[in-house]
Amino acid sequence: MGIFDIIGPVMIGPSSSHTAGAARIGQVAGRILGEPLKEAKITLYGSFAKTGKGHGTDRALAAGLMGYAPDSGSIRDALHIAEEKEIPISFALSEDDMGHPNVAKIEAYGKNGAHVTVVGRSLGGGRVLITEIDGYPVEITGEEYTFLTRHHDVPGIVAEVCRALAAEEINISNMRLFRKGKGDEAVMIIHTDQCVSQKLADEIAASNANIVYAMAMDII
């Protein structure tokens, strides 16, 4: 356990789970979207739905999606900032059991046409876990450099991606592969010791027709 697990993160708001964690979920979702936010539809579950508004969960999620950090004073005015920027952000409350008390589902739309649905959990102390991207089960914390591909489950994809990273002297710390079924669509998540540039991610995606999408994400 580190010191920040005990004293909590530097943040704006009364709750590390409902405010700082929510802001980080929004930040990660914004990074996954990969372009400026145009619109967002957010569903809150569990404690987020019941007590989140009083803790600023709605404002924190909106702020994170727009790129503001958990310690940004802009969290307090995030919904007004979104209005001024003409970014519609709507919220819905759900009683569905998502297996964790602090869960948000974000449908984010980008100004250049991108669309992504992200499900995230706030684990306490400002820590988060992204558990779904567009219906795929994933595990992303935002605490490591992350490279993600969405691809067709065919032989050679993993080897090809690993060769491309090795050629740039990027070391892999761990890797997980999620797929809907044998030969179906799949998602690969690679954590690395060095930052993967989006330029390299785009080159990897362009190198193989079976790679539908590739994304690089810095530590948040």
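Trainee: Which side chain does His-151 join through a polar contact?

Mentor: In this predicted model, the side chain of His-151 makes a polar contact of 3.1 Å with the side chain of Thr-149. A pair of N or O atoms must lie within 3.5 Å to count.

Trainee: Where does His-151 lie?

Mentor: His-151 belongs to strand β7, residues 145–152.

Trainee: Is His-151 buried or exposed?

Mentor: Start from the cut-off: buried means under 20% relative accessible area. His-151 has 2%, so it is buried.

Trainee: Why does Leu-177 count as partly exposed?

Mentor: Partly exposed covers the range between buried, under 20%, and exposed, over 50%. Leu-177 has 43% relative accessibility, so it counts as partly exposed.

Trainee: Which residues form a nonpolar patch on the surface with Leu-177?

Mentor: Val-158 and Met-175 do. Together the three have about 210 Å² of accessible area.

Trainee: Now a helix. How many of the nine residues of α4 are buried?

Mentor: The general idea comes first. An α-helix has 3.6 residues a turn, so residues three or four places apart point the same way. Now the case here. Helix α4 spans residues 57–65, and eight of its nine residues are buried, so the helix is largely enclosed by the rest of the structure.

Trainee: Which residues of α4 are buried?

Mentor: Thr-57 and Asp-58 are buried, as are Ala-60, Leu-61, Ala-62, Ala-63, Gly-64 and Leu-65.

Trainee: What is the phi of Gly-67, which follows α4?

Mentor: The phi of Gly-67 is positive, near 100 degrees.

Trainee: Step back to the whole chain. How many helices and strands does the protein have?

Mentor: The protein has seven helices and 10 strands. Of its 220 residues, 46% count as buried.

Trainee: What radius of gyration does the protein have?

Mentor: Compare it with the globule rule. A compact globule of 220 residues would be near 17 Å; the protein has 17 Å, which agrees. Its C-alpha atoms fill a box of roughly 50 × 40 × 30 Å along the principal axes.

Trainee: What share of the contacts with a separation of 6 or more joins residues 24 or more positions apart?

Mentor: Such pairs account for 66% of them.

Note on methods. Residues numbered from 1 in each chain as written. Predicted model: local features only at pLDDT ≥ 70, side-chain atom pairs only at ≥ 80, totals over all residues. Heavy atoms only, no water. Patch = residues over 30% accessible without salt bridge, like charges linked within 9 Å, V, L, I, M, F, W, Y side chains within 5 Å. Areas by Shrake-Rupley, 256 points an atom, 1.4 Å probe, with all protein chains shown as cover. Salt bridge = Lys/Arg side-chain N within 4 Å of Asp/Glu carboxyl O. Buried < 20%, exposed > 50% of the residue type's maximum accessible area, 1.4 Å probe, protein only. Helix = DSSP H or I, 4+ residues; strand = E, 2+ residues; numbered from the N terminus. Rg over C-alpha atoms; globule rule 2.2 N^0.38 Å. Contact = heavy atoms within 4.5 Å. Polar contact = N/O pair within 3.5 Å; in protein donor to acceptor, adjacent residues only side chain to side chain.
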